[in-house]
Amino acid sequence: MGQSANTYLTLLVLLLSLGCAQRSDTDRKRCGHCDLQLSCNCSYGGFIHVPLVPERALSLDLSFNNITEVWADDLSSHMSLRALSLHGNRLAVIHLSAFDSLWSLEKLDLSDNRLTDINHKWFTKLGALQQLNLLDNPYSCLGSPPAFQSLVRLRRLDFGGPALVELRRGDLSGVTELEELTIHANNLERYESGALAAMWPLGRVTLRLHEPFLTNTALASAVLADVSYPNTPLVLEDLHLVGNESLQPFKETAKRRIRSLTLRNLNMSDEAVVDLLVVIDGVPLTFISIEDLTLTGEGRWERASWTDHRGIDEFFLQNLVVLDVFKFVSLLQHRFLLHYPRKVSVIHSQVFVIPCPTAHLLVNMQYLDLSNNLLTDLTVTEMLCNGDGTQKDLRVLNISGNILKSVSTINRLVAKLSKLTHLDISRNGYSSMPQDCSWPRTLRYLNMSGAKLTTITSCLPTTLEVLDLSNNGLKSFFLFLPVLRELHLSGNKFLSLPQGWQFPNLQTLTIQSNTLNMFGNSDLQSYRRLQSLQVGQNKFVCSCDFVDFLQSAFKGAGDVHITDRTESYICDSPLYLQGEPVGQVSLSIVECHQVLFVSVICGVALCVALLLCILLWRLHAFWYLKMTWAWIKAKRSSKRRRKRDRTGAEALLSFDAFVSYSERDASWVENFLVPELEEPRENAEDSSNPRSPRSLTLCLHKRDFLPGYWIMDNIMSAMERSRRTIFILSQNFVESDWCRYELDFSHFWLFDGNAGGEAAILILLEPLSKDDIPKRFCKLRKLMSSTTYLEWPQEEERSGEFWKNLREALRMEDD
């Protein structure tokens with residue numbers, strides 16, 4: 001019956017997984033949280049199915065959703081995917097071909113789900129996979145055939161959980177070389193010797209072993225024997241060591257093999273500490289690390305004082321909690337433990353003082369890390385009581401993250417450490433530094449980041465090769481450091497890059513998250529050896545020069561390389577570019593070359609204007625405009641004058657004809673025309689005869705124009721008060737501007753309806769055909785085509801006929 005039920009469930013699961021290929025994309029939601037690096041973070045999105053993301057995505061994080069199934073087509077188009085995380089879902093079903101298209105996948109996280117079986121078909125096409133996490137799923141074994149057979153490039157494997165009860169020989173077949181192996185085997189019941197032995201070399205092994213596992217001595221010994229290699233660091237997690245029986249598995253397997261041991265998340269009594277010291281007595285252990293340790297005893301470990309631990313070179317302790325710290329014995333009793341380590345780290349353990357006598361026990365110490373504790377200037381003075389030279393070999397000192405406030409005190413204490421090369425006093429409460437300091441000549445690395453410094457002084461040693469002043473309040477840097485190779489100034493208030501001449505050997509400069517507006521080639525030329533530069537997360541003004549320079553730097557042009565992410569370079573101004581990545585900004589020629597653009601536009605406009613002027617000049621447009629304006633102005637004056645002179649009827653005509661002539665032809669007008677028309681002839685006929693000639697009144701500009709009036713007004717007035725207009729045509733007339741004015745005014749006058757169609761009389765003083773007149777004199781040419789003209793005869797005997805015809809023309813108005 002049970003077998004039938006299992007078969008039914010298996011078939012149901014297969015049917016469900018096979019049916020996934022029929023599901024439409026309309027059932028899936030879209031995740032839009034993808035950055036420019038094609039990394040999609042869809043965690044905590046409440047998705048119940050794998051969401052739709054760009055096919056070109058390289059990383060997909062689906063952790064902490066409610067996904068229960070991965071269908072065959074959910075990831076079928078993501079052939080470029082490098083990392084996939086399904087951690088923390090409710091995943092129970094994975095289609096057999098769900099990962100087949102992920103040929104490039106390197107990281108896969110299926111931890112903390114509800115997978116009851118591990119199927120080898122999931123991984124058959126994942127030939128590039130390097131990291132696989134299967135922790136905390138309810139499978140009891142790794143399945144058969146071997147699940148990881150095809151993962152030839154696997155370098156990190158995490159598996160196991162509360163339900164894992166069995167590991168058999170061959171379960172890890174195909175996995176021959178790992179850099180890191182993590183196994184959660186708290187409830188392991190069956191283990192075939194050699195199941196983990198085939199993986200060699202192993203870079204690092206982490207085992208989570210609760211007390212029930214360790215009490216099975218044979219089982220625990222077999223597991224430890226298979227993973228314990230001299231060069232393989234061993235990490236044991238979640239231990240509760242209260243007595244000798246918990247350490248039995250180490251006595252035989254670890255005694256001659258373990259070189260590096262890490263104990264993580266454990267409780268230890270005094271008895272357990274003593275037993276551990278006894279177990280590792282004589283073991284060639286060089287590194288021991290204890291993390292998240294809770295001590296329930298009082299430090300009475302004298303019973304293990306006979307043990308030999310001179311091989312321990314490095315001791316690392318982090319997150320120590322002593323339940324009854326006031327009853328804890330003095331460390332002076334533990335001379336056998338403190339004499340030998342060269343590297344000591346006690347981090348985040350609320351250490352507030354190390355008495356001078358205890359510090360004297362660390363005679364071989366070269367590296368001391370007391371970061372993230374409760375040390376003050378006074379207690380550091382107690383610890384560094386090096387008057388007798390007991391700490392003469394100290395090379396690295398890290399007291400960052402404490403409650404120090406005086407740079408002078410630290411300087412005074414370390415001045416006698418003649419071999420000190422690295423000093424980290426960051427994340428303390430310094431607000432200033434003295435003007436002059438005396439540091440060890442060997443000091444090469446100084447970290448004063450995360451303080452409250454606003455200025456720097458010559459207190460900084462000139463021997464420094466690496467200086468970190470990040471996350472202070474600095475606005476400028478003026479100090480010559482001849483051998484400095486790295487300078488870190490991120491998180492300050494710099495408005496510009498420091499002058500490069502101060503650091504002739506500088507190779508790396510980080511100055512992110514300041515208030516820089518821009519920088520360029522001119523700023524970097526003073527850095528003779530600079531290779532790496534990080535200036536992102538500043539308030540950049542995206543000018544054309546800056547954008548061009550930075551985009552070229554992103555492409556690797558020049559000797560200086562921008563090594564931080566290009567997305568951290570964001571425009572802060574101008575406003576229309578605010579928030580845009582500098583690498584994606586595209587500025588137009590108008591914006592980038594305004595002077596050149598305006599110059600070109602002005603030049604083109606000037607050329608066009610010049611050509612237009614030439615064209616208008618050739619067409620005499622200027623002359624016509626000038627004449628038209630004069631005509632309009634004179635017309636307005638005429639209207640005002642007529643309105644002023646009108647007495648209820650039109651003003652009487654004062655002249656028979658207005659004579660328009662050139663000054664050069666004045667002699668002919670005065671000697672011939674005026675006498676002939678204005679002076680009655682002696683042989684004139686009887687005046688009673690209406691056909692007899694009579695004297696005429698002519699308007700001449702030299703004689704009849706009113707002085708003090710604008711000449712245009714005089715011309716206009718003369719034409720208005722004359723019945724006819726006589727034009728004395730000659731080459732002189734054509735060349736006279738005033739004559740042309742009079743001619744055109746007459747033409748306007750004709751078309752304005754103020755005179756008859758024959759108001760103009762043309763007299764040619766010299767032979768002058770229409771073709772001889774330049775085309776620009778269009779009105780004159782038109783009049784000569786439409787109006788009969790008189791020619792002054794060259795023979796004297798024909799003059800009588802000329803005067804007769806002229807008089808006839810003048811009398812047409814009277815008729």
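Predicted model: local features only at pLDDT ≥ 70, side-chain atom pairs only at ≥ 80, totals over all residues.
Good morning, colleagues. I begin with the sheet. The sheet is open and has five strands in the order S30-S29-S31-S32-S33, with parallel pairing. Strands S30, residues 698–699, and S33, residues 789–791, form the edges; each has a single partner strand, so one side of each lacks a neighbour in the sheet.

Let us go through the pairings. S29 and S30 run parallel and are joined by two bridges, with Phe 658 opposite Cys 699 in S30. S29 also pairs with S31 in the parallel sense, over five bridges; there, Val 659 stands opposite Ile 726 in S31.

Helix H21, residues 799–811, lies across S29, S31, S32 and S33, running at about 165° to S32. Is S29 mostly covered or mostly open? S29 is mostly covered, as six of its six residues are buried.

I turn now to the aromatic residues. The model contains 18 aromatic pairs. One of these is formed by Phe 554 and Tyr 569: the ring centres are 5.4 Å apart and the planes stand at 70°, so the pair is classed as edge-to-face, the cut-off for that class being over 60 degrees. Phe 554 belongs to helix H11, residues 544–554, while Tyr 569 sits in the loop between strands S27 and S28, so the pair ties together parts that are 15 residues apart in sequence.

How do the two partners stand in terms of exposure? Phe 554 is partly exposed, with a relative accessible area of 23%, whereas Tyr 569 is buried, at 0% relative accessibility. The limit for buried is under 20%, so the value of 23% places Phe 554 in the partly exposed class. Both residues also belong to a cluster linked by ring pairs, together with Phe 519, Phe 540, Phe 546 and Phe 549.

Finally, a charge over a ring: Lys 343 lies over the face of Tyr 367, at 4.8 Å from the ring centre.

Thank you for your attention.

Conventions: Residues numbered from 1 in each chain as written. Heavy atoms only, no water. Pairing = 2+ DSSP bridges. Helix = DSSP H or I, 4+ residues; strand = E, 2+ residues; numbered from the N terminus. Contact = heavy atoms within 4.5 Å. Axes fitted to C-alpha atoms, helices over the stretch in contact; angles between N-to-C directions. Phe/Tyr/Trp six-rings, centres within 6.5 Å; stacked < 30°, edge-to-face > 60°. Buried < 20%, exposed > 50% of the residue type's maximum accessible area, 1.4 Å probe, protein only. Lys NZ or Arg CZ within 6 Å of the ring centre and 35° of its normal.
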